[in-house]
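The following note sets out points for a colleague who is reading this structure alongside its sequence.

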Amino acid sequence: MIEYDGENYVLKYNMKRIEMIESVTNMPTLAEIKRTGGMLSLLSLKTYIAYAIKKEGDDKFLPSKKGVKIAETLIENNGYADVCGMVLESLERDCPFFFQAG
């Protein structure tokens with residue numbers, strides 16, 4: 001869970017959200033994770049948060065501009081590595097199809 005400005009937020013991924021993120025980053029999700037060993041570029045990390053964040057218990061995603069602002073604050077306050085880990089944990093939880101053994 002993410003706390004920002006007195007509100008609780010969560011990251012939630014699905015195929016549609018991943019498609020949006022891949023369109024912005026111009027990089028397939030799994031290719032980027034494998035290429036970088038899970039340490040996403042700063043731009044990608046902010047994008048993965050901005051397009052997947054919503055208030056806890058809400059069905060609607062936040063506007064991406066607000067998501068970027070929250071992402072930047074999270075990275076500054078919690079550190080890049082912790083925020084990267086949070087994104088990867090959420091991806092594993094919500095998109096297990098990326099991590100199935102072939």
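This is a predicted model: local features need pLDDT of at least 70, side-chain atom pairs count only at pLDDT 80 or more; totals for chains, interfaces and linings use all residues.

1. The buried residues of helix H3 pack against S2, H1, helix H2 (29-36), S3, H4 and H5.

2. Which residues of H3 are buried? They are Ser44, Leu45, Lys46, Thr47, Tyr48, Ile49 and Ala50. Because seven of the nine residues of H3 are buried, this helix is largely enclosed by the rest of the structure. The burial of a residue is judged here by a relative accessible area under 20%.

3. One partner of H3 is H4. The axes of H3 (residues 42-50) and H4 (residues 64-78) come within 8 Å and cross at roughly 125 degrees. H3 and H4 are therefore oblique to each other, a class that takes in angles between 115 and 145 degrees. The crossing in which H3 passes H4 is right-handed. On the H3 side the contact is made by Leu42, Leu45, Lys46, Ile49 and Ala50; on the H4 side, by Ser64, Gly67, Val68, Ala71, Glu72, Leu74 and Ile75. By class, the contact of H3 with H4 has eight nonpolar, two polar and two charged residues.

4. The spacing of contact residues along these helices may be read with the geometry of the α-helix in mind. An α-helix has 3.6 residues a turn, so residues three or four places apart point the same way. The H3 contributors to the contact with H4 include Leu42, Leu45 and Ile49, and the H4 contributors include Ser64, Gly67, Ala71 and Leu74.

5. H3 also packs with H1. The angle between H1 and H3 is about 150 degrees, and their axes are 10 Å apart. That makes H1 roughly antiparallel to H3, since the class begins over 145 degrees. H1 passes H3 in a right-handed crossing. Ile21, Val24 and Thr25 of H1 meet Ser44, Thr47 and Tyr48 of H3 in this contact. The residues involved divide into three nonpolar, three polar and no charged.

6. Is threonine 25 buried or exposed? At 19% relative accessibility, threonine 25 counts as buried, the cut-off being under 20%. Threonine 25 belongs to helix H1 (residues 15-25). Residues up to four places away in sequence aside, threonine 25 touches Glu32, Ser44 and Thr47. Ser44 and Thr47 are both buried residues of H3, and both take part in the contact of H1 with H3.

7. H4 has a further contact, with H5. The axes of H4 and H5 come within 6 Å and cross at roughly 125 degrees. H4 and H5 are therefore oblique to each other. The contact is formed by Leu74, Ile75 and Asn78 of H4 together with Tyr80, Asp82, Val83 and Met86 of H5. Five of the residues in the contact of H4 with H5 are nonpolar, one is polar and one is charged.

8. Three strands form an open sheet in the order S1-S2-S3, with antiparallel pairing. Strand S1 (2-4) and strand S3 (53-55) are the edge strands, each pairing on one side only. From one strand to the next, the twist averages 40 degrees. Strand S2 (residues 7-11) pairs with S3 in the antiparallel sense over three bridges. Within S3, lysine 55 is the bridge partner of tyrosine 9.

9. How does the sheet relate to the helices? Helix H5 (residues 80-94) lies across S1 and S2 and runs at about 60 degrees to S2. S2 and S3 are among the elements against which the buried residues of H3 pack.

10. Aspartate 5, in the loop between S1 and S2, has a phi near 55 degrees, a positive value in a residue other than glycine. At 72% relative accessibility, aspartate 5 counts as exposed. Asparagine 26 lies in the loop between H1 and H2, and its phi is near 60 degrees, again a positive value in a residue other than glycine. At 67% relative accessibility, asparagine 26 counts as exposed.

Terms used
Residues are numbered from 1 along each chain as its sequence is written. Side-chain values use heavy atoms; hydrogens and water are left out. Two strands pair if DSSP finds at least two bridges between them. Helices (H or I, at least four residues) and strands (E, at least two) are DSSP runs, numbered from the N terminus. Axes are lines fitted to C-alpha atoms, for helices over the stretch in contact, and angles run from 0 to 180 degrees between N-to-C directions. Contact means heavy atoms within 4.5 Å. Angles under 35 degrees count as roughly parallel, over 145 as roughly antiparallel, 65 to 115 as roughly perpendicular and the rest as oblique. A crossing is left-handed if the near helix is turned anticlockwise from the far one by less than a right angle, and right-handed if clockwise. Ala, Val, Leu, Ile, Met, Phe, Trp, Tyr, Cys and Pro count as nonpolar, Asp, Glu, Lys and Arg as charged, and the others, Gly among them, as polar. Buried means under 20% relative accessible area, exposed over 50%, partly exposed in between (1.4 Å probe, protein chains only).
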